[in-house]
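Q: I am new to this structure and would like to learn how its features are read. May we go through them one at a time?

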Amino acid sequence: KATVSVLNCPRRGMLRSGSVVTDRRARRGQGAASPTRPHHVEQAAMTGEKSPLIGMDAGVVLRDCSLDYEGAKQARVCIQKHHIYGAVADGADLSIKAVVLEENGAFAKGIPGKGEPWYNKAAFAPHTVRCATPEDAAAQAEQVKQWLAPEPKDIHIIVNPNSGLRKGKAIGELVAKHVQFSPHRVHLYHTTKPLDAVGIAAGLRLQEGSIVATVGGDGTMCEALQGLLQRPDAAAGKFTICYIPCGSANAMSYMTGQGDPTTAIWAMLRGRTRPLDLFKFTQGMDTRYGVLSVTSSLIADIDIDSEMCRCCGASRFLLYTIMKLFCCCCTCCSRHANLAHPMRVEYKTPGSAEWQSWEGDAQFFQVTNAPAIDAATKISPDARLDDGQLFITWSERLSRISLVGEFDRFEDKTHLDRPHWQKRTASAVRVTDLKKYSKVVIDGEACRTGEGFEMEVMPSFVNIIVGSGTLPAFTRDK
């Protein structure tokens with residue numbers, strides 16, 4: 001449903017044609033409502049369709065938290081400020097760029113269950129106001145932008161055209177189309193080869209409040225983070241990042257309330273943020289940084305080996321899981337045979353300096369900073385993106401038939417209730433004694449196979465752009 005409030009039409013003569021008045025002028029009486037006028041809601045504001053042109057005597061009023069203008073039948077239409085992301089003049093028409101939000105409270109009780117949504121979706125819903133002259137429309141567009149962002153920011157957008165279903169280029173063009181309406185300064189970059197985002201992010205000229213966004217999957221942002229944290233100015237709270245989803249899983253986009261490109265574009269231009277934990281990952285002499293998870297065993301096998309099915313999008317994970325569990329052909333049987341991975345796990349619990357350990361065969365093993373590794377797989381439902389700790393979850397040996405049911409339990413968050421599952425919280429983790437066939441994956445990107453690693457949490461190290469409403473993947477809301 002749209003959050004659109006409607007004001008009664010002000011007294012005639014109070015608003016000059018094509019004028020923009022501030023909230024101070026409105027408080028003097030120019031925005032006073034007439035109790036005899038009926039309320040009216042423009043259908044375009046509810047459906048997301050373009051609204052009809054407004055009459056020449058229409059006026060626009062900028063208030064602290066809303067913008068309103070004279071709509072059809074002399075009623076005033078009010079748009080909440082946080083729904084507006086820009087404005088542009090088209091001849092004598094002023095186009096106010098805004099969205100309507102699909103409000104749903106399914107996640108108010110916590111991490112969403114099976115089939116429940118993660119976030120409020122946004123849909124573009126522009127409003128068109130007819131001004132007296134093209135000059136008036138251009139002046140009003142600039143005043144609306146100044147009202148939205150008195151201090152415009154630099155937004156750097158790194159586009160991976162080959163991400164997911166290779167729709168990155170098209171989504172990048174959609175982003176470019178809409179960001180031009182905003183008051184912010186936008187810079188677009190396109191990757192041309194693997195790890196290109198590392199060099200791009202490392203070389204960005206960042207100012208106070210700059211945003212670094214990626215159009216791609218979780219792996220594209222993982223690359224950008226490596227570049228950002230290689231910089232000499234890397235420090236806690238220095239960077240603000242944003243995910244614009246275009247990958248196979250897009251886990252972070254869902255959990256930050258912007259799981260589709262439209263919602264992500266609006267959220268980026270709106271600028272609402274939350275602090276986000278990172279983790280430091282060390283494997284031999286190699287150091288990386290991540291947001292989502294480090295996986296080994298079955299999840300890592302599925303993530304990396306399913307790359308050959310990338311053209312299938314998110315379905316590639318299901319397709320390869322079936323192949324992994326049930327393929328018995330001579331050609332590839334040895335590749336799918338390893339379902340149990342011996343390892344030794346050491347960890348420090350939060351607030352403790354002593355190491356504890358576990359050793360055995362794990363079929364699932366992951367260290368997560370987030371409650372889910374994609375929209376459906378809530379692998380660590382008690383984890384939060386800003387709780388300052390890591391969650392370790394693993395399962396011991398099961399038959400292939402029993403493993404099938406585990407994937408369904410990930411979605412309804414009941415897998416950890418079963419006796420063969422273990423979970424721990426930690427501030428630091430060490431994993432050793434891996435077999436040479438055991439893959440290691442950080443945020444969807446492959447690391448060296450069969451080699452141990454260490455992890456350490458970095459609390460509230462970056463800020464991240466988020467969508468509207470309650471955000472169940474965070475510990476606190478504001």
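Q: How is burial read, and what share of the 478 residues of the chain counts as buried?
A: A residue is buried under 20% relative accessible area, exposed over 50% and partly exposed in between, with a 1.4 Å probe and protein chains only. Of the 478 residues in this chain, 55% count as buried. The model is a predicted one, in which local features need pLDDT of at least 70, side-chain atom pairs count only at pLDDT 80 or more, and totals for chains, interfaces and linings use all residues. Residues are numbered from 1 along each chain as its sequence is written, and side-chain values use heavy atoms, with hydrogens and water left out.

Q: How many helices and strands does the chain have?
A: Helices (H or I, at least four residues) and strands (E, at least two) are DSSP runs, numbered from the N terminus. The chain has twelve helices and 25 strands.

Q: What do contacts say about the chain?
A: A contact means heavy atoms within 4.5 Å. Among the contacts between residues at least 6 apart in sequence, 73% join residues at least 24 apart.

Q: Where do the buried residues of helix α3 lie around its axis?
A: The expected span of a helix is 1.5 Å times one less than its number of residues. Helix α3 (residues 134-148) has 15 residues and reaches 21 Å from its first C-alpha to its last, close to the 21 Å expected. Its buried residues are A137, Q140, A141, V144, K145, W147 and L148. Seen down the axis of α3, these fall within an arc of 160 degrees, so they line one face of the helix; the arc is that of the directions from the helix axis to the C-beta atoms.

Q: How is a pair of aromatic rings described?
A: The distance of the centres and the angle of the planes describe it. Rings of Phe, Tyr and Trp (its six-membered ring) pair if their centres lie within 6.5 Å; planes under 30 degrees apart count as stacked, over 60 as edge-to-face and the rest as tilted. By this rule the count is seven aromatic pairs. The rings of Y85 and F124 have centres 5.8 Å apart and planes at 50 degrees, so this pair is tilted. Y85 lies in strand β6 (residues 84-90) and F124 in strand β8 (residues 121-124), so the pair ties together parts that are 39 residues apart in sequence. Both Y85 and F124 are buried. Elsewhere, F364, F410 and W421 form one aromatic cluster.
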